Structures are given as structure tokens and as C-alpha cells.
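Biologist: I would like to learn how to read helices and their packing in a model. Please take me through one example.

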Amino acid sequence: MTQLLRRSELAVPASNDGMFDKAAGCGADLVFLDLEDAVPAAYKETARAKAIAALNDIDWGRTVRAVRINGLDTRWCHDDLIDVVTAAGPNLDTVIIPKARTARDVWWVDVLLTQLEAKLALDKQIRLEVLIEEVEGLANAEAIAVASPRLDALIFGVGDFALSQGARVDTNFVPLGEYPGDFWYYARSKVIVAARIAGIDAIDAPYPDYRDLTGYERDARRASLLGYRGKWAIHPSQVPVANEVYAPTVDEIALAQRNLAAYREAEANGRGAVGVGGVLVDAAHVKMAQETLARAALLEAAEGEG
């Protein structure tokens, strides 16, 4: 787990500058200006210029500022990186790489960013997030996750993944027929395992039906139980739901505090485990409690900054 909050990652088309101010003030942990799928080919260059202006001119508060570049196999990717970092590098926190298929895709972006940071004498390192949204990318998820020290999150991109897999689903990526269990369980599990191997965060897929907040919350909670640290939002209305789902609850915090206190008392008396309310608490429970409390402290600190 990283020391960053990513409960909600809001997607905003970089071509639609009318949405920028609302995005900056909606409470999302991260907002990414999308230069890729949300922008038609004829508007790629103008969208890039709008993204640069937004990074430089808008007060984003504590919100992490990101851009999703175009795919490495497109003619826009190279200029996306060079133009945005050159013109707005000090105000850019994260670059999101779409459709990563191999670790070399991440390496290529890392090398170019390293050159730009040195050339521009930037005093910070721009972070990376990577979309796993191709079957080849899923097969190589573990190698991708450890491909760069800049990389601190994997994102499950269900839309393009459905296409890559050839899945028969509707526009909300729900199977077009009866299917036992969670249709995307394997992909979600492989992404979270790869992320945890690398010690980075996993972010769950978007939910296109933005009017269905109940469905969005259901998907978010299921992913949260697996260990995901946040979820994409495609509309500001989804942001508060994600922020609530991916924050430790009052009961989780109280349980963590109780278990940790009981274990420390037992430890002081020479015991490595203790019964708490009829349940054994040992070193594994302590680590879980510490992670919960660390996340609660991170959230409290962020709210204090806000």
C-alpha cells in the first residue's frame, strides 16, 4: 500500500474545458485529464493544450493532478509526454499509461520522463499509473507492476479488456446472459495480486451507468473487499460514493485499535497471541490492524489539509 489516497479517480475529457473547474472542486482524490479515448482524433492537439492550461491555471487543492496519455502505438503519445511535461511539469503529479501490454511499455515512458525531468531540472519525480486493459497486459501484470520505481498503481480497465477478451457484455460491461459469480473476478484478482506483489495500489474499473449509484457502490464494495484501494469515476456524482466505500469505517478502526491494544498487552507479558472476544489475535491480525490505522491516519491528514 502506498501513502497516497486514491479512493476516487475522476476521468475528465481534456477537450471539455467546461468541466475542469467542477472536477477540481468535487472532492476526488485524483483527477485525470484524458487525452486518449475521450478525445476524438481531430481534437488531440487542442485537448493537449487545454490540459496544459488546466494544470497551470486551476487551483486543484489537495487533488492529485494527472493526465492519461495516448497509447504508445499512436502518433500522439510522444508529444503528449514531451509537451505536457515541458509546459506543465511542476504542476503534473501523475501520468497514466493506457493499454500496457509488457513491462517494456512502462520502461519506455519511464526513460522519457527521466530525460525530461533532467532537461527541465524538475525538482520532483512524476509518478506513473498503468492500465491493465489488454489480455496480454493481464498475462504480464506481475512484470508490469515492478517495471518502474515511479509506478505506484495498477488500474483494471474493464472496457478495453472486455473487447480484448472478446467478452459478450452490454455497455455497462455486464454479461449478456446468465453467468455464475463475478464475471470479472479472475481479472480483478490477478490485478490486485500483481499490485500487492509490487507493494503498490490497485484501482478498480469505471462504471459507465453513472445514474446507477447503487450499482456503482456495489461494484466498489466488492473490489474493496479484494483489496482495491479506489475506483474510477466517470461522473462527479460517483466521487462521494467511492470516497466513502474506500475509507475505513468507524467499526473497522475500533476493531483495529482493540486488537492492537490487546496484542501489545499480551506481548508485554510474553505471549505472542491473545483471545479477544473469543477470537484469536496474533501477529497477522496486528499487521492488518496497523494497515487499517495507517489508512485512517492518511485520510485524517488529507482532510486536515482540505
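Modeller: Start with what a helix is here: a DSSP run of H or I covering at least four residues, numbered from the N terminus. Note also that this is a predicted model.

Biologist: How far apart should the end C-alpha atoms of helix 4 be, at 1.5 Å a residue?

Modeller: Helix 4 runs over residues 103-120, and its 18 residues should span 26 Å; the end C-alpha atoms are 26 Å apart, so the two values agree.

Biologist: Which residues of helix 4 are buried?

Modeller: The general idea comes from the turn: an α-helix has 3.6 residues a turn, so residues three or four places apart point the same way. In helix 4 the buried residues are Asp105, Val106, Val109, Asp110, Leu112, Leu113, Leu116 and Glu117. They pack against helix 3 (77-88), strand 4 (94-97), strand 5 (127-132) and helix 6 (141-145).

Biologist: How do helix 3 and helix 4 cross?

Modeller: Two packed helices are described by the angle between their axes and the distance between the axes. For helix 3 and helix 4, the axes come within 10 Å and cross at roughly 30°. Helix 3 is therefore roughly parallel to helix 4, and the crossing is right-handed. On the helix 3 side the contact uses Cys77, His78, Leu81, Ile82, Val85 and Thr86; helix 4 supplies Trp108, Val109, Leu112, Leu113, Leu116 and Leu120. Sorted by class, this contact has 10 nonpolar residues, 2 polar ones and no charged ones.

Biologist: Helix 3 also meets helix 2. Which residues do the two helices bring together?

Modeller: Helix 2, residues 44-57, has its axis within 10 Å of that of helix 3, with a crossing of roughly 30°. These two helices are therefore roughly parallel to each other, and their crossing is right-handed. Arg48, Ile52, Leu55 and Asn56 of helix 2 touch Asp79, Asp80, Asp83, Val84, Ala87 and Ala88 of helix 3. Here the classes are 5 nonpolar, 1 polar and 4 charged.

Biologist: What is the angle between helix 8 and helix 9?

Modeller: Helix 8 (residues 185-198) packs on helix 9 (residues 213-226) at about 45°, with the axes 10 Å apart. Helix 8 is therefore oblique to helix 9; the cut-off for roughly parallel is an angle under 35 degrees. The handedness of this crossing is right-handed. Tyr185, Arg188, Ser189 and Ile192 of helix 8 meet Asp219, Ala223 and Leu226 of helix 9. By class, that gives 4 nonpolar, 1 polar and 2 charged residues. The buried residues of helix 8 include Arg188, Ser189 and Ile192.

Key: Residues numbered from 1 in each chain as written. Predicted model: local features only at pLDDT ≥ 70, side-chain atom pairs only at ≥ 80, totals over all residues. Heavy atoms only, no water. Expected span 1.5 Å × (residues − 1). Buried < 20%, exposed > 50% of the residue type's maximum accessible area, 1.4 Å probe, protein only. Contact = heavy atoms within 4.5 Å. Axes fitted to C-alpha atoms, helices over the stretch in contact; angles between N-to-C directions. Parallel < 35°, antiparallel > 145°, perpendicular 65-115°, else oblique. Left-handed = near helix turned anticlockwise from the far one by under 90°. Nonpolar A, V, L, I, M, F, W, Y, C, P; charged D, E, K, R; others polar.
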